[in-house]
Amino acid sequence: MTAADRLVTPPWTNVYGVARTLVALGTAGTLALSSADTLFRPVATIGAFPTCEGATSASVFCLADGDSGGLTWLKWLCVLVLLIAASGWRPRFTALPHAYVNYSVFSGIAISDGGDQIGLVLSMLFVLPALGDPRRWHWQAPPPHTDTSAYRSWALIGTSGLVMLRLQMSLVYFNASVAKLPHAEWYDGSAMWYWSTNASFGAPPWLDAFVRPVVSTSLGVALMTWLPLLIELSLAAALLLPQRIRYQALWAGLLFHASIGLMMGLWSFGLAMAGGLIVLCLPHGSTITRRRSPAPPAPEPARPKDSNEAEAEATPNTGTGTGTGHDPASPVRV
């Protein structure tokens with residue numbers, strides 16, 4: 001292996017595969033669980049969606065020319081493309097369609113949010129490692145190393161994409177945390193009371209019975225307000241932290257976004273951010289494996305007896321002469 005090979009770790013593991021799957025499922029859920037009339041509706045001061053002007057005219061939804069039936073068919077076609085990408089089949093062939101669908105969703109629907117935006121950014125960065133991925137499924141083990149310039153070039157391109165993705169995630173969390181600090185509600189610990197009781201973003205009725213008593217106390221609402229800030233700041237600095245702390249930050253971040261999904265219903269945002277978190281916090285080039293219980297130790301092979309041991313066992317112990325004093329049932333070692 002040359003010095004150049006040692007500098008570039010091949011990126012084709014199931015770590016970025018899991019991340020691709022989560023991002024694709026987030027966008028697929030937005031399309032599958034929303035009707036065409038909800039996704040493509042007029043917006044005040046803007047007009048009907050998709051707008052199909054300038055760069056947004058490249059959206060696949062512009063092919064329907066505003067027809068509701070055509071938009072429905074295109075919506076389900078996009079869901080199919082996303083599910084194929086989420087399955088992990090042929091990343092080399094599905095990466096560009098995945099990114100194009102995410103672009104079409106972000107630029108074409110009337111209710112795009114932060115989840116659609118981060119999903120677009122991540123799917124575009126996933127194109128760089130995916131185009132050089134020779135595997136049939138992105139769940140498979142990394143391909144064997146080959147000493148060719150093409151292999152090294154694609155590995156470098158893919159690694160560059162994942163490095164940019166990690167930097168992007170760090171910036172997202174840094175901006176999310178720092179942008180809250182100028183607001184008094186965040187540094188005095190009362191912000192989550194307003195969010196949790198908001199009619200649009202508050203907890204659903206089944207969860208409100210548990211959340212309301214917590215945010216009604218000073219300590220409870222302060223913890224719910226400051227813990228997200230602490231988690232976001234930790235994730236912003238994740239690349240500077242030791243790996244053992246990154247693992248803890250990963251679990252904290254996943255729990256954080258699951259809580260946002262339960263409380264505010266932002267599941268597409270949570271899935272996209274979870275995909276980015278996995279790439280951010282896990283070591284580059286690592287593989288996710290199922291933990292298995294350790295196998296029982298193999299019994300030690302019996303040691304062949306030498307002539308003295310065999311003679312000692314064959315001689316009965318009468319208690320006289322030069323006996324060793326050991327119990328007769330115990331092995332005699334010379």
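Predicted model: local features only at pLDDT ≥ 70, side-chain atom pairs only at ≥ 80, totals over all residues.

Which residues of α4 are buried? They are Gly70, Leu71, Leu74, Lys75, Cys78, Val79, Leu82, Ala85 and Ala86. The helix itself has 20 residues, and from its first C-alpha to its last α4 reaches 29 Å, close to the 28 Å expected at 1.5 Å a residue.

Now follow α4 to its partner α5. Two packed helices are described by the angle between their axes and the distance between those axes. Here α4 covers residues 68–87 and α5 covers residues 91–108, and the two pack at an angle of about 135 degrees with their axes 9 Å apart. An angle over 145 degrees would count as roughly antiparallel and one of 65 to 115 as roughly perpendicular, so α4 and α5 are oblique to each other. Their crossing is left-handed.

If you zoom in on the contact, you will find Cys78, Val81, Leu82, Ile84 and Ala85 on the α4 side, meeting Thr94, Pro97, His98, Val101 and Asn102 of α5. These contact residues divide into 7 nonpolar, 3 polar and no charged. Cys78, Leu82 and Ala85 are among the buried residues of α4, and they take part in this contact as well.

Finally, zoom out to the whole protein. It has 14 helices and 0 strands. Of its 334 residues, 39% are buried. Among contacts with a separation of 6 or more, 74% join residues 24 or more positions apart.

Notes: Residues numbered from 1 in each chain as written. Heavy atoms only, no water. Axes fitted to C-alpha atoms, helices over the stretch in contact; angles between N-to-C directions. Helix = DSSP H or I, 4+ residues; strand = E, 2+ residues; numbered from the N terminus. Parallel < 35°, antiparallel > 145°, perpendicular 65-115°, else oblique. Left-handed = near helix turned anticlockwise from the far one by under 90°. Contact = heavy atoms within 4.5 Å. Nonpolar A, V, L, I, M, F, W, Y, C, P; charged D, E, K, R; others polar. Expected span 1.5 Å × (residues − 1). Buried < 20%, exposed > 50% of the residue type's maximum accessible area, 1.4 Å probe, protein only.
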